[in-house]
Amino acid sequence: MGEMEQLRKEAESLKDQISAARKAVHDVTLPEIVSGTAVVGRVQLKTRKTLRGHLAKIYAMHWGTDSKLCVSASQDGKLIVWDSYTTNKVHAIPLKSSWVMTCAYAPSGNMVACGGLDNMCSIYNLKGKDGNVKVMRELAAHTGYLSCCRFLNDSEIITSSGDCTCALWDIETGTQKTIFSGHMGDCMSLAVSHDFNMFISGACDYTAKLWDIREGACRQTFGGHESDINAIGFFPNGNAVLTGSDDGTCKMYDLRADQELITYQDPSIMCGVTSLAPSLSGRLILAGYDDFNCNIWDSLKAERVGVLAGHDNRVSCIGVTPDGMAACTGSWDSFLKIWN
Amino acid sequence: MAQTNSCGQNSNGVVDESPNMLVYRKMEDLIARMQDEKNGIPIRTVKSFLSKIPSVFSGSDIVQWMIRNLSIEDQVEALHLGTLMAAHGYFFPISDHVLMLKDDGTFYRFQTPYFWPSNCWEPENTDYAVYLCKRTMQNKARLELADYEAESLARLQRTFARKWEFIFMQAEAQAKVDKKRDKIERKILDSQERAFWDVHRPVPGCVNTTEVDIKKSSRMKNPHRTRKSVYGLQNDICSNSPTVSLAPEVRQPTREELLDQIKFWQKQLDRHRMKMSKVAESLIGYTEQYLEYDPFLTSPELSNPWISDDTPMWEMAVSKEPVQQRVRRWGFGINEVLKDQVGQDQFLKFLESEFSSENLRFWLAVQELKKRPIREVPTRVEEIWQEFLANGAPSPINVDSKSYDKTTQNLKDPGRYAFEDAQEHIYKLMKSDSYSRFIRSSAYQELLQAKKKLLPFFCLLLDFLIHVNQETFRIAEPHSRNSLTACVLPFLCCSYDTPICMSQHFNIYTLDMHCS
């Protein structure tokens, strides 16, 4: 038996043992335990605002920490910062490359970032001296497209890329401080924990990984999806991970139990999940799908309790404000809608 | 739950070529059920004025079948799913270019498997040109080009001006073959061909379901699998969706990667795993605790700014007002106090009153350090060390010897995370000691009981009354909105059924009022 064959067998055997260890603590399923919990009832959110201005597909959006400003990125080559409340465009930033796939708002509100097929993460300073928004840094080192980016603070940002790695950058020097490798497929999205010590990534190898930012190491890996994981997020208590996949399902994995808790699926949902966001309490999960709708799931009972229907094309991104007041959906139909 | 191995194959060992194939397969399973002779949708030939309409079923038939056979609740869901399948081209309205499902007598037909999207069609414009050209030769009213098709034809004629003779010949040949077909068969095939083009060259304004997310399309596609020529060689027809592809989506790990994986899994084997029952309980507990703070589930006390167009909600969040609901949240855990600026301030105030604020101040300083630009970091690290950890520091903190040694090491090359170990130790200390004392303190308890936001009207009323009655009642804090005059209080108490909290300050009673 060749060495590769032996190594593969060893890896498989270890994974089987871990499966067994996980089963050992699986003393009850989530549906069993929550059968006594009160039902949430039908959740009806209405469109309160429609943000018009993009001329092509919207690929990404991100809320600022004040729960009013948000940034969106579109294939029309623009990054727009909106005051979602007044629907005014605070900034309209033209991009060098129109193939943008992601955008992010810094927690301080001072900067936004974006990236895409140009393999770079471009940082824009919103609070420049003369009032103009200019490129502050172009972080180039990835050898694949930039699928997602999130600021830790004004000096550090984490990116995920089609080159199967994620990276922590120092914005000032423009260098990669840590590279997180381990995924066997394109990394599609990432989310940072509330204490900024960890982050999770979802990839086209159908797994999600938890990373320790400081150590640069992968702490846990979760599998079970049957196709690319497009969307990922932390449950508000920080102890569980939510994923959305092209297989049409969302899953919740618990970090402490080290396994999947529950799957959110329905046979009448055929299309993949593009994006997801939990509500403030975590009881609701809003997930955007390729079939133009956004479904609202009761996270504990795994039942659909609502639908956000209003877009004429794929829902590509979704975000819930930090104060939990509203949700924003962005679509290939070029509109952003605010719901609550 | 399907187990996936390291290269992402599902348990059948089949590797899907693209995420779309999963969707197509699900839809095709559904189509197979719809076409089932016994339990599917009844397909019939309808007699119309002078001719027959072969092989059709109505929109209502589809909706009814879906509601009966799928876990679909209502007509809206059925129409949504049906429109999705029509937009992908699995069935289509026979007299309309717009691919959507209507719950009425509109006639629909199934698409032939040759044209299914799972065959990975990427038809070229030359084929579209041949098709449109052929249509103009067929001289039948029902086959007349729509406006957008006529425009496309004109554009294609310009683009392929040099090739046009060739395209014309192809179209002629096709038309000839078509003429030889049986009339009924022709009707069906013509409509299916048109539906194919409605998917790949949709009516302007309609969604093109063949558009792929650029993140997915930039991955290497197996060139053998994509079919580009509709009217080319006939011997590559396949009537079943293909299930095996040549190029796996997820690559195999290299030797180094396998060794890393093995090391990783070995470490994972020894990790502690919490019982599912405990985990589930903690999840339920969390969602219940925060239920009242979740605006999607509990209507907020103050109006929703997006509905009412006014913003007391945000003003309150930004203000320093320690409203009861906000104060209560601090009791959920130390993180809630540290997250809220007002909570932080109150916590600090309390600790300062006990002369034990150095822990929190250290923690805050380290948090702030992490956000600093790199050039300021070394100086700041030194400052923090001098203030909190060095010999003879003015605000000495107690760290365990291990963290102390580690920190001393880190100082040789000061970075943002120099104090990480010390900070973690101090955090745990605060959580178990300072924080619990804070929550039990009378300062916190008072905040919890006392201040609820007074309705604006009553604030005005109180201000007025305080002003008027200041002398008579010698109120200790003349500007405090919480002070009330005795004559007003009974009236308000009756109306609002509120508890009164009386505390002795400076030999007079100050009465606090709650509004519910």
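## Surface and make-up of chain B

Accessible areas come from the Shrake-Rupley method with a 1.4 Å probe, and for residues only the protein chains shown count as cover. On that basis the accessible surface of chain B comes to about 28500 Å², of which 53% belongs to carbon and sulfur atoms. This is a predicted model, in which local features need pLDDT of at least 70 and side-chain atom pairs count only at pLDDT 80 or more, whereas totals for chains, interfaces and linings use all residues. Residues are numbered from 1 along each chain as its sequence is written, chains are lettered from A in the order in which they are written, and side-chain values use heavy atoms, with hydrogens and water left out.

Chain B has 22 helices and 6 strands, these being DSSP runs (H or I, at least four residues, for helices; E, at least two, for strands) numbered from the N terminus. Of its 516 residues, 45% are buried, that is, under 20% relative accessible area, with exposed meaning over 50% and partly exposed in between (1.4 Å probe, protein chains only).

## A sheet in chain A

Four strands of chain A form an open sheet in the order β10-β11-β12-β13, with antiparallel pairing, where two strands pair if DSSP finds at least two bridges between them. Because β10 (146-153) and β13 (175-181) of chain A each have a single partner strand, one side of each is left without a neighbour in the sheet.

Strand β12 (residues 165-170) of chain A pairs with β13(A) over 6 bridges, and Thr165(A) stands opposite Ser181(A) in β13(A).

## Phe196(A)

Phe196(A) lies in the loop between β14 (187-192) and β15 (198-203) of chain A, and counts as partly exposed because its relative accessibility is 37%.
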